[in-house]
Amino acid sequence: MTKSTTYYWVLAALMSVITLIASYVVVPFGVIPFTLQTMAVVLTGLLIPRKYAAVAMFLNAILLFIFKGAFIYSPSFGFIIGFIVAMMFASQNPGAENGWKILTIRAIGMNLIIFLCGLTYMYSALNYLLDSPISWMDTLMSGMIIFLPTDIIKNVVAISLALVLKKRLTL
């Protein structure tokens, strides 16, 4: 069944709002709480075609700026850029196989791109924009390593949701 472009535009708008709402859901986990934002980002990439997924994350960046004050000088702004870039390279390819193995590989690819963009920007912003020197190891520790256990859980949930939703929504 072929879906119209309107269908995907609506899904893109919906996923951008879901991602914004997920950024407000803070789950306490040890000393560092985490949000469900990256789970929504990965789910977006697993559900809708690249072009629409990238637009969804661009809309999400605008919504984050409006509602949360996301700003270019924030060390975490690179992760928002990573959301958009990840959608362009690792998100849903129309007509591709959608088994759990493929979805897992794509989810890992999206996370790698998000971390690459986010950590690079975090290091640069702290060292050059905000004049708060930090080493690459400290950047890796504070921006990625402490979040890996929860990111694994969020990816498993996103993949499971994508498998169910693809059957229900005939995506």
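## Pockets and a helix pair

The residues lining the second largest pocket divide into 7 nonpolar, 3 polar and 1 charged. Please keep in mind that this is a predicted model. The lining of the second largest pocket consists of Thr104, Ala107, Ile108, Asn111, Leu112, Phe115, Leu148, Asp151, Ile152, Asn155 and Ile159. Two or more of these residues come from each of α5 and α7, and α5 gives the most, with 6 residues.

| Pocket | Volume | Lining by class |
|---|---|---|
| Largest | about 600 Å³ | 14 nonpolar, 9 polar and 3 charged residues |

The largest pocket has 26 lining residues, and Thr35, Gln37, Ser76, Phe79 and Phe83 lie nearest its centre. At least two lining residues come from each of β2 (34–35), α2 (37–47), α3, α4 (77–90), α5 (100–129), α6 (136–143) and α7 (148–168).

Now for the helix pair. Helix α1 (residues 5–24) packs against helix α3 (residues 50–68) at an angle of about 40°, and their axes are 8 Å apart. The two helices are therefore oblique to each other, and α1 passes α3 in a right-handed crossing. Among the α1 residues in this contact are Tyr8, Trp9, Val17 and Leu20, while α3 contributes residues including Tyr52, Met57, Leu63 and Phe67. By class, the contact of α1 with α3 has 15 nonpolar, 5 polar and 1 charged residues.

Conventions: Residues are numbered from 1 along each chain as its sequence is written. This is a predicted model: local features need pLDDT of at least 70, side-chain atom pairs count only at pLDDT 80 or more; totals for chains, interfaces and linings use all residues. Side-chain values use heavy atoms; hydrogens and water are left out. Axes are lines fitted to C-alpha atoms, for helices over the stretch in contact, and angles run from 0 to 180 degrees between N-to-C directions. Helices (H or I, at least four residues) and strands (E, at least two) are DSSP runs, numbered from the N terminus. Angles under 35 degrees count as roughly parallel, over 145 as roughly antiparallel, 65 to 115 as roughly perpendicular and the rest as oblique. A crossing is left-handed if the near helix is turned anticlockwise from the far one by less than a right angle, and right-handed if clockwise. Contact means heavy atoms within 4.5 Å. Ala, Val, Leu, Ile, Met, Phe, Trp, Tyr, Cys and Pro count as nonpolar, Asp, Glu, Lys and Arg as charged, and the others, Gly among them, as polar. On a 1 Å grid over the protein atoms alone, a cavity is a set of points where a 1.4 Å probe fits but cannot get out, and a pocket is an open set with protein on both sides within 12 Å along at least five of seven lines; lining residues have an atom within 4 Å of a point. Grid points are joined across faces, edges and corners, and a volume is the space filled by probe spheres set on the points.
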